[in-house]
Amino acid sequence: MIHQLILNGLIAGSIYSIIAIGFTVIYRTIKFFHFAHGVVYAAGAYLAYTFFILLKINPFISFILSIVLAAFLGMAIDRFVYSPLRKHKTSNLVFLLASFGVFIFLQNLLQLIFGAQILTLRTGPVKEGHHLLGAIITDTQILIIVSSLVLFFICWLFSQRTKFGKAIRAVSDDPIGARVVGINSEKIIMIAFAIGSALAGAAGILISLETNIEPTMGLNAILKGIIASMIGGIGSIPGALLGGLFLGLAENLGIWQIQAGWKDAIAFVILILFLLLRPSGIMGVKTEKEKI
Amino acid sequence: MEYLIHILIISGIYIILTLSLNLIVGFTGLAALGHIAFACVGAYTSSLLALNLGVSPWVGLLIGAILASIIGAIVSFPSLRLKGDYLAIATFGLGVIVYSIAKNWVGLTRGPMGLPGIPAFKIFGYEINNVWAYLVLVFIFVIITFIVIRNITKSPFGRILTAVREDEIAAEAMGKNINKYKLIVFVVGAFFAGIAGSLYAHYISFIDPSSFTIMESITVLLMVVFGGMASLKGSLVGGSLLVILPELLRFLGMPSSVAAPLRQMIYGLLLVILMIWRPQGLLGKYRFK
């Protein structure tokens, strides 16, 4: 029982991590909560459903196509909503509310197009899983855990080693300084949105291979993604990975003792405890202190 | 005609929510995103008291509102330490927690099955089950809420709230205990939201957790922002227009599977447009800094 719960925690945590890493990549450049990230995740799942199930395209091509389109969706949100707001130099709350607006708009657009019913990407019956240390794990679940680690390493290397990664960090640390040395911050933000949204799309596809697709799936995802990045230490990519895994484990070990319906409440209790007791999170950098 | 009155009653209830949230968000500048949780507490308290113990809805309304203010006091604690979007996410979380309790504590709230058969208000032995009579009742509560909140915001107390909003450190330097003011604002706001919840429960006579989702909190916040931050007249406009306008979709003959998401899409689009072109709202005097 406990082995299975730990495994379930790791699987849920891997999905949270991918969402949180994407959220973090974007957050580092824009410094506000991009709530509509959740709906990009849902859009990724619905795009995969459209290509793979409705149009019967080869799964590999349809997933790549969905991820690319998810990246474009993220860039479009930035271009048409956040970019005009940046020109006004408004507060984070204005961005957050606009982001809520985008979220509500797109979520209901998905519902209008695809209906409120539950869909799935699975085509055949669920295959029996492998036995591993007293727990059962399916191929899809292995794929989820492996993808989250691979995506983390790619993002982390990208952020540490490449020119774009360095430019993102420069914009993140000091936007004016970055502009002085000739970094086009609008372009860097655009790239961050593309990468982050591609990750969200990938997470949406992975979860819909494992469970179901529904229009409201994005809300839970972004809440867990935000909580994971905040408890991991907002703005830190390793923090997002750890926060996601921690959150997944905490939720699943929590329901060992109490009913499954309380998962969301557990997640927010953890968040509020972190915010009050250790606002900088597990891997947090102290610079966030001035804000809290 | 009855349907029209029904819409007016619902918009009256939203106006009470909007006015009370405007006190917290508009006048004091605290980004609270869990307002519907207070209504949920008020609604469930007075319904459960009436159903299980036979308590009069009037007493239940008061107890529900008081319990909501106690929750409001608890919610105010994060606001003492957190600011801006961090506070928004924390209060959002408290909204989710209250919703989870309503949904999962099946022994008390019957969970997703909801509470049917909630008795109506009675005056001198007569049940208020006529929509016209209920409209009058809700109207009276809207006026009470409006007057109380106007008096708070126009008083010296209200000027301190403005000071907290504009510059917390300066307000503190003037010797004001800003934590106390934040606490009072949350308690008062939650009290009226609790009343709104209770009015809703005894009017519809059925409640379930789905009436108190986090999306409802965002809708109320949209009403505040749309009408105007720190403007009470704005809240009257926001609370009524945003309830009545989407109903027009129904008159255009759309099925509810189209009208419901379309209504939400309009809300979403409106929020984006407002934030880009007029973040202080129609009649607002203040915008988030």
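Which handedness does the crossing of α1(B) and α11(B) have? The crossing is right-handed, a crossing being called right-handed if the near helix is turned clockwise from the far one by less than a right angle, and left-handed if anticlockwise. The structure is a predicted model, in which local features need pLDDT of at least 70, side-chain atom pairs count only at pLDDT 80 or more, and totals for chains, interfaces and linings use all residues. Residues are numbered from 1 along each chain as its sequence is written, while chains are lettered from A and ligands numbered from 1 in the order in which they are written.

To stay with this pair, α1(B) and helix α11 (residues 232–251) of chain B pack at an angle of about 140°, their axes lying 8 Å apart. Helices here are DSSP runs (H or I, at least four residues), numbered from the N terminus; axes are lines fitted to C-alpha atoms over the stretch in contact, with angles from 0 to 180 degrees between N-to-C directions. Residues are in contact if their C-beta atoms, placed from the backbone, lie within 7 Å.

The C-alpha atom of B:His6 is 9.9 Å from that of B:Ile204, a residue 198 places away along the chain.

Turning to the two chains together, their contact takes 34 residues from chain B and 36 from chain A. On the chain B side, the elements giving two or more residues are α3 (57–81), α4 (84–104), α10 (214–227) and α12 (256–277). That side has 23 nonpolar, 6 polar and 5 charged residues.

Finally, helix α6 (residues 163–173) of chain A has A:Ala167, A:Ile168, A:Val171 and A:Ser172 as its buried residues. They lie on the same side of α6(A) because they cover an arc of only 140° around the axis, taken from the directions from the helix axis to the C-beta atoms. On the other side, A:Lys163 and A:Asp173 are exposed.

Key: Ala, Val, Leu, Ile, Met, Phe, Trp, Tyr, Cys and Pro count as nonpolar, Asp, Glu, Lys and Arg as charged, and the others, Gly among them, as polar. A residue is buried if 20 or more other C-beta atoms lie within 10 Å of its own, exposed if 12 or fewer, and partly exposed in between; C-beta atoms are placed from the backbone.
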